[in-house]
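Trainee: Could we go through this structure together? I would like to start with its contacts.

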Amino acid sequence: MLDAVLLNMKPHGRIAACGMVSQYNLKQPEGVHNLFQIVVKRIRMEGFVAFEYYPQYPEYLEMVLPLIREGKIVYVEDIAEGLTSGPAALVGLFSGKNVGKQVVAVARE
């Protein structure tokens with residue numbers, strides 16, 4: 001995906017890198033091509049770890065929840081039904097099969 005993203009970035013664009021769960025168990029991590037675009041377009045790419053921002057989570061919720069309720073922010077959930085589908089959902093995380101946030105619905109209220 002990063003290969004395609006680099007080709008479509010605007011000059012002075014920024015890329016935030018976090019996660020990469022699909023790479024965790026690969027014997028040979030996927031390589032990145034088109035890195036020259038970082039130089040040509042003067043792109044900034046920086047990694048972050050989500051837990052560093054945990055103290056700001058309440059403030060984030062105050063900002064984002066109204067936007068979700070208004071439909072200004074839409075998110076995608078990949079819902080696996082039932083506890084028995086949990087292991088397959090977890091394996092799917094490591095192979096890049098899910099889209100959005102992976103959820104296992106154990107019971108519906």
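Mentor: Of the contacts in the protein chain with a separation of 6 or more, 67% are between residues 24 or more positions apart. Contact means heavy atoms within 4.5 Å. This is a predicted model, in which local features need pLDDT of at least 70 and side-chain atom pairs count only at pLDDT 80 or more, while totals for chains, interfaces and linings use all residues. Residues are numbered from 1 along each chain as its sequence is written, and side-chain values use heavy atoms, with hydrogens and water left out.

Trainee: How many helices and strands does the protein chain have?

Mentor: There are four helices and four strands, in the order α-β-α-β-α-β-α-β along the sequence. Helices (H or I, at least four residues) and strands (E, at least two) are DSSP runs, numbered from the N terminus.

Trainee: What radius of gyration does the protein chain have?

Mentor: The value is 18 Å, whereas a compact globule of 109 residues would have one near 13 Å. The radius is taken over C-alpha atoms, and the globule rule is 2.2 Å times the number of residues to the power 0.38. Along the principal axes, the C-alpha atoms fill a box of roughly 55 × 40 × 25 Å.

Trainee: And what percentage of the residues count as buried?

Mentor: Of the 109 residues, 16% do. Buried means under 20% relative accessible area, exposed over 50%, and partly exposed in between (1.4 Å probe, protein chains only).

Trainee: Take Q37, then. Why does Q37 count as buried?

Mentor: Q37 counts as buried because its relative accessibility is 18%. Q37 belongs to helix α2, residues 36-40. Apart from neighbours within four places in sequence, Q37 is in contact with L6, L7, R42 and I43.

Trainee: New topic: which residues of strand β1 are on the covered face, and which on the uncovered one?

Mentor: In β1 (residues 14-17), I15 and A17 are on the covered face, and R14 and A16 on the uncovered one. In a regular strand the side chains alternate between the two faces of the sheet.

Trainee: Which strand does β1 pair with, and in what sense?

Mentor: β1 pairs with strand β2 (residues 44-47) in the parallel sense, over four bridges. Two strands pair if DSSP finds at least two bridges between them. A16 stands opposite E46 in β2.

Trainee: Last one: is Y57 buried or partly exposed?

Mentor: Y57 is partly exposed, because its relative accessible area is 42%. Y57 lies in helix α3, residues 57-69.
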